[in-house]
Amino acid sequence: MALHSPVEYAQIVDSYIDGWRKNGWMPECRANNLPGWTQGGPYLITCAETISERCSGSSGDIIVSHFAVNYHNEAQRLGIDLDELYSALLTDGDLNPPEWNIEGRQVNVYKQFGYVPFGVLDVSSTGRQTREGSRTLEYAFEDFGIRQVAQLLGKTDDMERYTNRSLFYRNVWDPSVESDGFKGFMQKRFSNGSFAFTDPVDCSPNDKNSSRACSLQSNNIVGFYESSSWEYSWFAPHDTAHLIDLMGGNDTFVKRLEHFFNSGYYLAGNEPSFQVSTIPLVSGIHLEHSIAMQTPIGYHYANHPALSVDRVRDVVFKNFDITAAGLPGNDDQAAMASLLTFHLLGLYPGDYTISKFVRPSYSLLLVPSTTEFLVLSPFVPKYTIHNSFLNVSTTITTLNYDAESVQRTIPSGTAAYVQNITINGMPAASRCHFDFYDTFRVGGDIVITLTADKAAADDCLSDLPASLSTGGFSQAR
């Protein structure tokens, strides 16, 4: 929707704001107009779209923030009051609801300790005291969304405050934990500051204990929702550069990514794995899937974009096909099918605002609550996106496209890797990413030229995708 249907997107945003007007907080996991449980991982979409029950925290923050940074110039014409939108965000970010099982966050203890503590006594509100690690990670990313709108509106004090809070993901990183030869993992943490150890393998596909509680059960003591620390330790989409530093630098980060996929920790049929791939704005899909959606393109942040191309093809062809068994798990209201679509599209948007009916043709990934797209190798030779409200069309053409590249393992000598990008005839500054305001907002022609020289293409040639810790997101567009 953010790409081509801002009118419908604005209607969704207005529904969130209206929930805040009437109930005090933006709605979360609603079904048939009844509140459902917020659940536990970086699940930022379906719930916020009021059609599912798989969220944890104030997930609507990401959706409305993404709208604001992409359409603030048109907000009034689209029926959205940005001041009201911002007030709704601050309520989610600063005020504890009576029961954060169904709306808002357990934000009081999160602000007090800098993370959601394991086993904390909270007498001011009600909620299931589990999933402390994954809730901390999601809260931090939602704070980043609020930070983006504060920056946009010139709220400098709030921007600084929420910038700092968006880095709280670092507070659940335990550098001493080791698994499979790699050091440093996300862990739940006591209120006294000590970590409560969880084996990073627990609740992963490699966990041999089939009776372990990994979901909403009250005896889930792993600290994460429906997956493992091996998976959740990738989740800091707004500050991946620092995550790379925590893991030991680019080389170790890439080796760890390769190990994550090749050793079976990635499970395409499980929702948190959706997040390890890259996230899109799609009506009717989860941003919860952001961990799984970000990971296959994580190589971009380590300056190895060609490896992202290889991994996305591997994920698609290993897990999906056109038979009756072509989905590797619960489609979950088209969330998984949409994930496949965005793998094929290559489009990474955080608050699913692209229609789930979009054809699988792009090769771009949009970072949620920002205007940045990451670029991959297209699966098709050409496609056009039309934005009826802005009355612009953007055509992406793939030069040197070779259909032989569209398979699990790209044959040697086949053009499949991004050599260069031009935007309306001008060379792009980087072949790893570009901005919404320079492309889809103005329309025109984007040409992605492919090459068979993988080694030569395995470099962004300019700045890497943005991260807070390296000065990214320094100004609003």
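These legends go with a few views of a predicted protein model.

**View 1. The whole protein and its make-up.** The protein holds 13 helices and 17 strands, taken as DSSP runs numbered from the N terminus (helices are H or I with at least four residues, strands are E with at least two). Of its 477 residues, 64% are buried; buried means under 20% relative accessible area, exposed over 50%, and partly exposed in between, with a 1.4 Å probe and protein chains only. Among contacts (heavy atoms within 4.5 Å) with a separation of 6 or more, 65% join residues 24 or more positions apart.

**View 2. Helices α9 and α11 side by side.** Here you can follow α9 (residues 250–262) and α11 (residues 305–319), whose axes come within 12 Å and cross at roughly 10 degrees. Axes are lines fitted to C-alpha atoms over the stretch in contact, with angles from 0 to 180 degrees between N-to-C directions. The two helices, α9 and α11, are therefore roughly parallel to each other, a label for angles under 35 degrees. On the α9 side, Val254, Glu258, Phe261 and Asn262 meet Leu307, Arg311 and Val315 of α11. By class, this contact has four nonpolar, one polar and two charged residues.

**View 3. Asp83 in helix α3.** Look for Asp83 within α3 (residues 82–94). Asp83 counts as exposed because its relative accessibility is 51%. The C-alpha atoms of Asp83 and Val149 are separated by 10.0 Å, with the two residues 66 apart along the chain.

**Notes.** Numbering starts from 1 along each chain as its sequence is written, and side-chain values use heavy atoms, with hydrogens and water left out. Local features need pLDDT of at least 70 and side-chain atom pairs count only at pLDDT 80 or more, while totals for chains, interfaces and linings use all residues.

Key: Angles under 35 degrees count as roughly parallel, over 145 as roughly antiparallel, 65 to 115 as roughly perpendicular and the rest as oblique. Ala, Val, Leu, Ile, Met, Phe, Trp, Tyr, Cys and Pro count as nonpolar, Asp, Glu, Lys and Arg as charged, and the others, Gly among them, as polar.
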